[in-house]
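Dear colleague,

Please find below the structure that I am handing over to you. My notes on it follow directly after.

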Protein chains: 2
Amino acid sequence: MSHTQPIRLLHYGLGPIGLGVVRQVADRSDMVSVAGVDIRPEVAGKDVGELAGLGRDLGASVTATVGEAVGGAQVAVVCTGSHLSDVEPQIMELVQAGLNVISTCEELSYPFWHHPEESRRIDDAAKRSGVTVLGTGVNPGFVMDLLPLIASGVCLRVDSVYVRRVVDAGTRRGPLQAKVGAGMSVEEFRAGVQTGKLGHKGFVESVAMIADALDLGVDTISENIQPKLLDRSFGPWRAGQVAGIDQTATGLRQGEAVVSLRLLMYVNADDPRDRIVLRGVPEVRWTLEGGTPGDQATAAITVNTIRRVLAAPPGLTSMKDLPPAHWARG
Amino acid sequence: MSHTQPIRLLHYGLGPIGLGVVRQVADRSDMVSVAGVDIRPEVAGKDVGELAGLGRDLGASVTATVGEAVGGAQVAVVCTGSHLSDVEPQIMELVQAGLNVISTCEELSYPFWHHPEESRRIDDAAKRSGVTVLGTGVNPGFVMDLLPLIASGVCLRVDSVYVRRVVDAGTRRGPLQAKVGAGMSVEEFRAGVQTGKLGHKGFVESVAMIADALDLGVDTISENIQPKLLDRSFGPWRAGQVAGIDQTATGLRQGEAVVSLRLLMYVNADDPRDRIVLRGVPEVRWTLEGGTPGDQATAAITVNTIRRVLAAPPGLTSMKDLPPAHWARG
């Protein structure tokens, strides 16, 4: 791939995922970082290579706004937030500046069901500018939505979809442990769920992608978050405290669950793995051992999908409508 | 999907897989069988529904040549042979008649490496006619080539690919048992391999798809077929007779195996399953329990991919370059 011009990237949002993308791009000859955007004053003016701990500058310094930054970038990698209400203005500004957008915003992974107005606005703007907008990631975007769809490709009938993902939060960064409420009391946990601070985002979007694609007649999508408690002390945590989340998202057809997703994400989880079961003909049972590590893999699928975004027709798309992303030596 | 016009199909080749496609289409409202082609005199004039054992006619009778049959079909489903040398003239005739083509021809699954001339001819003709040509199936086309590529989507580096598929030939149709040499002596088996009568087709094409996509620097693709012997009597077979095949296909970079595919297909196989392992960062280990049943699933993925073929740009394509096929209520 090195004989063609490298793809020029703008990095919008330089938290753990955004910097993971920077590090992977730095190892490739087919992509180059040309700009960074982050609203935090403490990173303004710094080089994204320095922020990523590479020990060298990449010639892409951080500004607070897109206007100053665009400088020839073709694709913006947006890793700023989980909620479309926060990320839509950023996407719109980038799209209007003529950039393709790939984002780890969870609600962008399949926004057509829960955010139809925002989806229409983004799609219209992208088509006007002749660019493509995509939400991606490991979850949502791959394990619990795209993969069950891909698994259904060998079925002549699917009656229902069941996916169960177990993630060991104890092997992940601190923010994940905070996100799942590790060490909280049950009361603190419930308050955190109420205010939206706890829990996995993008879960109902995963159900929506599956429901729309399989045309299963889903009329209602519901979600539930319960605490998973520690049954014995582990690290800094004590028995009876919250270990993490036990979250479900369900697609119902006339009260019957036809899409059932369950995510267990807690410290010291036994045997982390992803499990996909399709009831139908034939029945499909896939196991992804060890699960699919979150942050690093989310940065990887983002990088691996950039070429697919550039080749896609203009508009707001989703992972199910692009040729599958795969790694390639770059 | 029932509110749009059904997709009109021509079925070319009405053996087990071709008739499996007919049966699945008969259950759907979004596709309709309009014609059949088969060179065997004993099926001429019969309705494809009758041949498929549906107990009713579908209004698509079988002729010996394409010229008589086309009648408004948009897509031809070609299930006639494994070798491109046999199937290319059929594809060319269909393409020149303006039909899209989807085929279970194993060598068509990824013909660009081993059949570059034929690939160019088919691609040119398809582009001239504004239609799309695709080879598909469960294997090749899905389990041992497309899925490892999809699995690599979450990797930031892949060093090598290993796929192992175990199929119980004892649970499949007689032709499969014949194809793997069940009940033969070792001498008969070796003679059958020599003449190309035994063994899985499309294996080197699977390696080529992976090698090209991942850009792993593969310079040589090799293949080997060994007999798997019965260690005890089973059904009509005796210990010491051939139980089936142990076939490998390998992609080498300067003598080092970077793509290793192994297919064990024999009667009374223990624990049939597909196993995908990617060495790299992160390491990926997927298990598809029970394997992926061959004939029924190959007919299913063919039917499920038809919409993707219709939406694709003209030319000869491959499964890795289309949005993933998934089942949908039809």
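Does B:Ser119 count as buried or exposed? The coordinates come from a predicted model, and in that model B:Ser119 is found in helix α5 of chain B. A residue is buried if 20 or more other C-beta atoms lie within 10 Å of its own. B:Ser119 has 20 C-beta neighbours inside 10 Å and therefore counts as buried. Leaving aside residues up to four places away in sequence, B:Ser119 touches B:Pro111, B:Phe112 and B:Leu316. B:Ala299, by contrast, is 180 residues from B:Ser119 in sequence and 24 Å from it in space, C-alpha to C-alpha.

The axes of α4 (residues 84-96) and α5 (residues 116-129) of chain B come within 9 Å and cross at roughly 10°. The two helices are therefore roughly parallel to each other. From α4(B), the residues B:Leu84, B:Glu88, B:Ile91, B:Met92, B:Val95 and B:Gln96 take part, and they meet B:Glu118, B:Ile122, B:Ala125, B:Ala126 and B:Ser129 of α5(B). This contact is made up of 7 nonpolar, 2 polar and 2 charged residues.

In soluble globular proteins, nonpolar side chains tend to be buried together.

Helix α1 of chain A (residues 16-26) is mostly covered, with 8 of its 11 residues buried. The buried residues include A:Ile17, A:Leu19, A:Val21 and A:Gln24.

As to domains, the assignment divides chain A into domain 1 (7-137 + 295-321) and domain 2 (146-292). Their C-alpha centres lie 26 Å apart. In chain A, 15 residues of domain 1 are in contact with 13 residues of domain 2, and the domain 1 side of this contact has 7 nonpolar, 4 polar and 4 charged residues.

Finally, the two chains: 40 residues of chain B are in contact with 40 residues of chain A. On the chain B side, the elements that give two or more residues are α6 (146-151), α9 (203-214), β12 (284-289) and α10 (294-311). That side comprises 25 nonpolar, 9 polar and 6 charged residues.

With kind regards

Methods: Residues numbered from 1 in each chain as written. Chains lettered and ligands numbered in written order. Predicted model: local features only at pLDDT ≥ 70, side-chain atom pairs only at ≥ 80, totals over all residues. Axes fitted to C-alpha atoms, helices over the stretch in contact; angles between N-to-C directions. Helix = DSSP H or I, 4+ residues; strand = E, 2+ residues; numbered from the N terminus. Parallel < 35°, antiparallel > 145°, perpendicular 65-115°, else oblique. Contact = placed C-beta atoms within 7 Å. Nonpolar A, V, L, I, M, F, W, Y, C, P; charged D, E, K, R; others polar. Domains from an automatic or database assignment. Buried ≥ 20, exposed ≤ 12 C-beta atoms within 10 Å, placed from the backbone.
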